[in-house]
Protein chains: 2
Amino acid sequence: MTTAPAPETFDGSGPGPAEIAAAHARIAPRIHRTPVLTSASLDALAGARLYFKCENLQKTGSFKIRGAANAIFSLREAEAAQGIITHSSGNHGAAVACAARWRGVPAWIVMPRNAPAVKCRAVEAYGGKITFCEPRVSARAETAARLQRETGAVLIHPYDDDRIIAGQATAAKELLEEIPDLDAVLAPVSGGGLLSGTALGAKGLRAAVRVFGCEPERADDASRSLASGTLQGLEQSDTIADGLRAALAPRTFAILRRNVDGILLVSEEEIIAATRTVWERMKIVIEPSSAVAVAPLLKPGGLAALGLAARGDGAAPKIGIILSGGNVDLASLPF
Amino acid sequence: MTTAPAPETFDGSGPGPAEIAAAHARIAPRIHRTPVLTSASLDALAGARLYFKCENLQKTGSFKIRGAANAIFSLREAEAAQGIITHSSGNHGAAVACAARWRGVPAWIVMPRNAPAVKCRAVEAYGGKITFCEPRVSARAETAARLQRETGAVLIHPYDDDRIIAGQATAAKELLEEIPDLDAVLAPVSGGGLLSGTALGAKGLRAAVRVFGCEPERADDASRSLASGTLQGLEQSDTIADGLRAALAPRTFAILRRNVDGILLVSEEEIIAATRTVWERMKIVIEPSSAVAVAPLLKPGGLAALGLAARGDGAAPKIGIILSGGNVDLASLPF
């Protein structure tokens with residue numbers, strides 16, 4: 001992979017429908033086509049018809065395997081043979097380790113020291129080699145660059161990469177294929193790979209669908225960036241949504257500016273309550289980072305904040321939610 | 001419903017394919033067609049290809065809505081109008097309350113005093129009226145009979161009823177429709193409604209499939225009954241599998257004798273470990289009663305205990321597992 005170009009070179013178009021379709025064809029035989037679940041009790045709480053794309057039930061426990069598998073299986077044989085490096089708060093690391101094992105090449109994963117133990121164990125279970133770094137966004141890239149110089153392996157950035165974005169887009173593509181008349185789709189945003197892919201994947205199938213990013217108040221760089229029109233930083237965050245502690249890159253910022261309809265912020269308390277509500281009512285394990293995309297709809301006025309036009313059929317709006325992952329440490333639950 | 005006839009009147013044939021198909025047609029518009037999930041890590045632990053029928057993701061959080069909806073929507077209008085009574089350790093009670101609400105009639109639910117709080121709240125949330133009784137199997141039926149005299153409502157027994165058994169059979173029917181070449185199906189056994197239905201539903205579509213009941217050592221009446229050839233009692237049990245504290249009825253015993261290939265026993269420790277393994281690896285919430293049907297395959301020699309013939313294709317056996325429910329109290333987890 002080449003060094004990231006300067007911001008002004010991104011026009012925000014990102015990977016197109018053909019690249020997303022190619023990614024889907026490449027990864028579909030290796031991953032789960034995850035179910036889309038519904039819940040009458042969540043519908044009642046939200047005042048909408050909700051369609052949950054369950055990437056928590058995906059291989060490696062998160063959507064990250066989509067992008068990782070697409071990137072790693074896109075590599076030429078000689079490139080892949082040197083091995084793969086990445087940096088990750090956890091789920092992307094496990095996904096890269098898993099996809100590298102599928103491809104039969106080594107993987108080195110840079111993780112922050114405060115990553116949950118369960119995510120570290122997952123990386124190791126897939127045969128990934130962990131190098132810990134300080135829990136600052138900048139430290140991750142520095143450590144990965146050093147490792148890359150030492151090993152000659154290919155760096156697969158967790159989100160600043162069109163192959164990753166095209167892979168993540170396949171979750172929304174599957175969701176829209178199954179529920180074609182969604183009014184809106186919500187996904188969490190951190191580095192912006194999932195949200196970029198969700199916007200491109202969803203709008204590629206239905207131009208009228210509105211796409212919203214959902215972000216913790218304590219890691220609100222995407223909200224600030226889109227509000228100001230300038231890429232804002234996020235040096236460190238202690239949000240319980242441990243998968244959302246990274247910041248947008250110029251590439252994803254450009255895609256979000258052009259393709260996303262808004263960012264919804266939620267508090268730590270709202271994240272924890274939404275996590276518990278989904279576990280109790282839907283009987284699925286989601287991580288707090290996933291609950292960030294549910295929480296906006298569970299608070300008073302949540303649906304109104306989306307500003308959706310009334311449906312022609314007069315029924316409640318149909319909203320898709322990408323449940324991004326389910327990797328939690330059962331020994332330290334937040335409730 | 002008439003009083004249960006004497007044991008010798010049951011030949012063990014139970015509801016046939018036509019009754020099961022009619023039940024399915026009756027309830028399918030009202031319930032979820034639950035997903036069948038797979039897990040590479042569980043497959044590796046078991047040495048088999050496992051197909052999990054996720055009734056924990058079913059409406060009301062368990063398979064019980066299948067039988068309850070079939071029974072309640074089978075009633076003539078004049079019968080249903082008097083309301084419904086049942087006794088239940090929890091999930092059947094919630095299912096009856098829910099199906100009665102769908103039908104627009106009242107429901108009285110007799111529950112043991114030691115039923116989990118989360119199951120009591122579920123009954124109340126569906127508008128069911130709870131009457132508590134002593135936590136003995138005999139006390140449930142006595143209290144229900146008294147209530148029936150007082151209200152004139154119809155008693156829907158949780159398992160000693162062909163309409164209930166035909167409804168529960170639809171889960172295995174859906175599983176076999178999706179995975180037609182299963183070698184075996186495992187389901188938990190308590191009163192025997194689910195296991196009877198599983199055997200009839202599965203073998204109705206594939207005569208060669210072997211069906212096993214799974215039971216806590218601490219509530220082993222089905223194991224003792226089938227081993228001795230005589231219906232054995234179970235007055236009280238403290239197994240953590242709180243949905244499995246009931247005992248077989250003459251009707252279900254006769255069906256199991258004729259249609260089930262064996263009963264597999266598991267310890268409390270094995271139940272707790274299997275519960276946790278499924279939560280961690282599959283990212284779904286199952287109750288300990290469901291883990292009883294997973295635990296036999298996670299212990300050494302578990303697969304061998306099924307005595308399956310080698311597959312013609314030489315591959316690992318394909319085993320279906322009915323995950324019966326996901327109603328747990330998150331405030332008092334066993335791990």
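Mentor: The domain assignment of chain A gives domain 1 (10–62 + 161–332) and domain 2 (65–155); such bounds come from an automatic or database domain assignment. This is a predicted model, in which local features need pLDDT of at least 70 and side-chain atom pairs count only at pLDDT 80 or more, while totals for chains, interfaces and linings use all residues. Residues are numbered from 1 along each chain as its sequence is written, and chains are lettered from A and ligands numbered from 1 in the order in which they are written.

Taken over C-alpha atoms, the centres of domain 1 and domain 2 of chain A are separated by 23 Å. Across the boundary, 30 residues of domain 1 of chain A are in contact with 23 residues of domain 2 of chain A (contact: C-beta atoms, placed from the backbone, within 7 Å). On the domain 1 side, α1 and α8 (162–178) of chain A each supply at least two residues, and the largest share, seven residues, comes from α8(A). Helices here are DSSP runs of H or I of at least four residues, strands are runs of E of at least two, and both are numbered from the N terminus. By class, the domain 1 side that touches domain 2 of chain A has 10 nonpolar, 11 polar and nine charged residues. Ala, Val, Leu, Ile, Met, Phe, Trp, Tyr, Cys and Pro count as nonpolar, Asp, Glu, Lys and Arg as charged, and the others, Gly among them, as polar.

One helix pair deserves attention. Helix α1 (residues 17–27) and helix α3 (residues 64–74) of chain A pack at an angle of about 90°, with their axes 9 Å apart. This angle makes α1(A) roughly perpendicular to α3(A), a term that covers 65 to 115 degrees. Axes are lines fitted to C-alpha atoms, for helices over the stretch in contact, and angles run from 0 to 180 degrees between N-to-C directions. In this contact, A23(A), R26(A) and I27(A) of α1(A) meet R66(A), A69(A), N70(A) and F73(A) of α3(A). Four of the residues in the contact of α1(A) with α3(A) are nonpolar, one is polar and two are charged.

Chain A also has two open sheets to consider. In one, four strands follow the order β5-β4-β3-β6 (chain A), with parallel pairing; strands pair if DSSP finds at least two bridges between them. Its edge strands, each pairing on one side only, are β5 (129–133) and β6 (154–155) of chain A. Strand β4 (residues 107–112) of chain A is joined to β5(A) by five bridges, and V110(A) has T131(A) as its bridge partner in β5(A). Helix α5 (residues 91–103) of chain A packs on this sheet, touching β3 (84–87) and β4 of chain A, and its direction makes about 175° with that of β4(A).

The other sheet has six strands in the order β1-β2-β10-β7-β8-β9 (chain A), with mixed pairing. Here the edge strands are β1 (36–37) and β9 (262–266) of chain A. Two bridges join β1(A) to strand β2 (residues 49–54) of chain A, and these strands run antiparallel. Within that pair, L37(A) has F52(A) as its bridge partner in β2(A).

Methods
Angles under 35 degrees count as roughly parallel, over 145 as roughly antiparallel, 65 to 115 as roughly perpendicular and the rest as oblique. Two residues are in contact if their C-beta atoms, placed from the backbone, lie within 7 Å.
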